[in-house]
Amino acid sequence: MVKKIILGDVEVSRVVEWQGAFATTDVLFPSVPGELWRQHESWLAPDFLNSETGAWQANVQTWVLRSAGRTILVDTGLGNDKQREVGVFNKRDGDFLDRLATAGVRPEDVDLVVNTHLHNDHVGWNTRLVDGEWVPTFPNARYLISRADFDFWNPANGHVPKSPFQSASDTGVTFNDSVLPVHQAGQAVLWEGDSHRIDEDLVLELAPGHTPGSTVLWLESGIDRAVFVGDLVHTPLQMVEPDHDTCLSEDQTEATQSRRRVLERAAATNSLVVPAHLGGAGAAEVVRSNGAVSIKRWAPFSDA
């Protein structure tokens, strides 16, 4: 089921490609003690935590924004036919494009694609396999990619990722099948600096740490505010305990600094925090309370 919300002049829809258990919390969040999970289990389970197995419950999803007359996708998920080292991501044959159509979006309707960063679960549907060649899935779109991430993940630079779930070979294959083809097609916009304005309601800002070019997308329209934080937040536990990062980040210290900065601003501006992988409500409004950030309420999405 496609869910949507109206924020000022922007319509936001949520299209889920995959959901399930990815890995256990002790592996993904090595700095979080088991007691902390148990302390928050009553509200984390079952949408964000499997209390029996200790598994992190995740969604892979795309956010569809209709803003200033344009259709914008925030991240493009896993994709089909991609060779990946993580089993649930490998050689998929899913129905994502059908789900996108349920949200009223055909590939040719998309004007902009925002890749918050270039991990393989955020760029998969950038391309699709046609007659043995990887071609842009969205033929009329510009793909917004931070130059910092494009250069960092280019396999020519020989970077070895710190994530235990990706090797240099895996990231190289991802770059070559999901990033390079849109660049070669002339559809990639490699933006630089600290920010990139999309329109009067939307602006991308650099939030490094998870990857060097990780970005967040701020929405400010009328009285409504939201921030699409990508992988800055993997679990709502990090909204209330922001000093804990995942093993997936290139620089955990920098990622934590970015997370605290973004959450503090979100709390100060009553912004809805919209992570890439949250199940359940998918997003939450945060607020400052007793010197810390806490969750005020979950996102009121409705059926599209």
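Buried residues are those under 20% relative accessible area. By this cut-off, in the predicted model, helix 6 has the buried residues Asp170, Thr171, Gly172, Thr174, Phe175, Asp177, Ser178, Val179, Pro181 and Val182. Helix 6 spans residues 168–184. A bend of about 35 degrees occurs at Asn176. Gly186 follows helix 6, with a positive phi near 80 degrees.

Asn120 lies in helix 4. Asn120 counts as buried because its relative accessibility is 4%, and the cut-off is under 20%. Its side chain makes a polar contact of 3.3 Å with the side chain of Asp170. Beyond four places in sequence, Asn120 touches Gly77, Leu78, Arg84, Phe89, Gln166, Asp170 and Thr174. Asp170 and Thr174 are among the buried residues of helix 6.

The largest nonpolar core holds 37 residues. Val216, Val227, Val229 and Val273 touch the most other members. Two or more residues each come from strand 2 (10–24), helix 2 (34–44), strand 4 (55–67), strand 13 (215–221), strand 14 (224–230), helix 7 (237–240), helix 8 (252–268) and strand 16 (284–289). Helix 8 gives the largest share, four residues. In soluble globular proteins, nonpolar side chains tend to be buried together. Contacts of Val216 beyond four places in sequence are Val203, Leu204, Glu205, Ala207, Val227, Phe228, Val229, Leu232 and Val262.

Definitions and conventions. Residues numbered from 1 in each chain as written. Predicted model: local features only at pLDDT ≥ 70, side-chain atom pairs only at ≥ 80, totals over all residues. Heavy atoms only, no water. Bend = angle between axes of the 7 residues up to and from the residue. Buried < 20%, exposed > 50% of the residue type's maximum accessible area, 1.4 Å probe, protein only. Polar contact = N/O pair within 3.5 Å; in protein donor to acceptor, adjacent residues only side chain to side chain. Contact = heavy atoms within 4.5 Å. Core = buried A, V, L, I, M, F, W, Y, C linked by side-chain atoms within 4.5 Å.
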